[in-house]
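Reader: I would like to learn how to read packing features from a set of coordinates, with the cut-offs stated as we go. Could we take the structure below as the worked case?

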Amino acid sequence: MVLLLRASTCTLIARHVPLLSSARLQHRRSLFFAAKTFSRSASSAASKRARSHVHASIVQAGGITISREDVVKEDDPTNNVPDSVFWKLGLQLHRRDDHPLGILKNEIYKFFEDKFPGKYQKFDDLSPIVSVTSNFDDVLVPPDHVSRRYNDTYYINSDTVLRTHTSAHQAQKLREGCTHFLVTGDVYRRDSIDATHYPVFHQMEGFRVFSPAEWDASGMDGTSFALQDLKETLEGLAKRLFGDVETRWVDTYFPFTNPSIELEIFFQGNWLEVLGCGVTEPAILENNGRAGTVAWAFGLGLERLAMVLFDIPDIRLFWSSDLRFTSQFKAGQLGIKFKPFSKFPPCYKDISFWISDSFTENNLCEVVRGIAGDLAEEVKLIDSFTNKKGMTSNCFRIAYRSMERSLTDDEINNLQARVREEVPGKLQVTLR
Ligand code: PHE
């Protein structure tokens with residue numbers, strides 16, 4: 001039987017904005033990834049070759065120096081961070097004023113500055129290495145929530161992760177006394193490979209605390225007051241970014257807000273989710289020195305918005321240092337439409353294997369990215385069947401394509417050979 005629907009189609013929806021929207025996450029693949037099954041000690045000469053590329057083994061982020069050894073620990077079963085992700089840590093695309101993500105960040109800053117001059121504190125250089133407590137517990141993510149799994153999150157060790165969302169900084173900023181803030185940063189999630197998924201992307205978190213005096217005068221209760229203010233603020237932001245668009249609110253679930261809603265905009269014939277938000281759970285305010293107040297929070301995905309605003313067709317392009325990409329954008333200019341400079345054909349290679357219980361598509365994608373890096377455009381399940389003995393075979397089609405140049409047959413065959421070499425040992429599957 002041919003499985004036409006990708007098992008991870010739903011991850012695509014869950015990934016973009018509402019990481020923790022549980023209604024959607026219930027659809028996520030629930031295969032549990034035990035750290036042990038992704039043994040890096042089996043790491044072959046191939047990954048050593050990858051490491052010897054001329055990449056810095058030290059990066060700067062969040063005001064600290066991070067060395068490769070701090071983040072990538074091949075022999076530690078509680079660590080699942082690959083080199084390819086470590087190298088992204090110091091890049092901070094959102095801090096480049098002439099990069100689409102930086103241009104968008106600055107435009108959102110301007111919106112808040114125009115509406116509330118001097119009110120919002122802005123942070124865009126907080127370290128992406130955070131505790132499990134900050135990333136999950138402080139924002140009330142239940143202990144058994146799917147987003148905590150090794151299959152979904154990059155763990156440096158069992159207590160420390162690469163932040164999966166900018167909500168990881170909410171509690172800390174509240175404790176520091178902030179009441180109006182915007183936190184922009186790179187966030188990290190293990191995921192599938194296609195034009196809209198990349199293990200690193202960027203979010204902006206917004207947070208605003210209200211004191212009782214602010215809602216008392218309105219005659220509304222605090223929650224209704226905050227919700228109304230949140231909607232007005234974000235509808236205003238959507239209009240500023242997209243022009244006079246139609247918007248709608250959709251109910252959802254996040255552990256840290258109640259009610260929780262998503263904003264969708266009608267764009268090019270479709271409703272598009274642009275952000276998740278809601279009224280902050282009172283426990284977060286109480287636990288962090290703000291009992292008796294009410295607050296709202298939102299989190300928006302910058303790539304998602306920028307792909308639409310700048311007509312950028314593939315998420316890998318954000319990471320391109322090719323001048324034909326970078327030179328098309330100018331600081332302060334939101335409306336520029338990207339003109340594709342190449343249409344090199346993709347090359348497809350299939351790989352089939354008998355899977356084991358611990359197999360997950362995210363782990364396969366990690367191996368492929370480790371070898372092919374940004375040349376991997378898509379990994380797609382194209383066939384799956386179970387034989388009479390109960391063994392299940394999967395066939396994945398890998399699309400290799402460079403955004404910048406033609407790839408040679410030799411180069412692709414070599415990449416595919418390395419994938420075939422590493423997959424059995426790393427994923428405990430048997431090639432067919
Ligand atoms: N942290 C959520 C996500 O990554 C977004 C969000 C932020 C939702 C703040 C509500 C409030 O999907």
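Author: Let us begin with aromatic rings: F111, F112, F116, Y120, W296 and F298 are linked into a cluster by ring pairs, where rings of Phe, Tyr and Trp (its six-membered ring) pair if their centres lie within 6.5 Å, and planes under 30 degrees apart count as stacked, over 60 as edge-to-face and the rest as tilted. This is a predicted model, in which local features need pLDDT of at least 70 and side-chain atom pairs count only at pLDDT 80 or more, while totals for chains, interfaces and linings use all residues. Residues are numbered from 1 along each chain as its sequence is written, and side-chain values use heavy atoms, with hydrogens and water left out.

Reader: How many aromatic pairs does the structure hold, and what describes a pair of aromatic rings?

Author: A pair of aromatic rings is described by the distance of the centres and the angle of the planes. The structure holds 21 aromatic pairs, and one of them, Y198 with W319, is stacked, at 5.5 Å centre to centre and 20 degrees between the planes. Y198 lies in the loop between β7 (180-188) and β8 (200-210) and W319 in the loop between α12 (302-310) and α13 (323-326), so the pair ties together parts that are 121 residues apart in sequence; helices (H or I, at least four residues) and strands (E, at least two) are DSSP runs, numbered from the N terminus.

Reader: Is Y198 buried or exposed?

Author: Y198 is buried, with a relative accessible area of 3%, and W319 is buried as well, at 12%, where buried means under 20% relative accessible area, exposed over 50% and partly exposed in between (1.4 Å probe, protein chains only).

Reader: How should I read the packing of α14 and α15?

Author: Two packed helices are described by the angle between their axes and the distance between the axes. Helix α14 (residues 361-372) packs with helix α15 (residues 409-427) at an angle of about 140 degrees, and their axes are 10 Å apart; axes are lines fitted to C-alpha atoms, for helices over the stretch in contact, and angles run from 0 to 180 degrees between N-to-C directions. The two helices are therefore oblique to each other, given that angles under 35 degrees count as roughly parallel, over 145 as roughly antiparallel, 65 to 115 as roughly perpendicular and the rest as oblique.

Reader: Which residues of α14 and α15 make the contact?

Author: With contact meaning heavy atoms within 4.5 Å, α14 contributes N363, L364, V367, V368, I371 and A372, and α15 contributes L415, R418, V419, E422, V423, K426 and L427.
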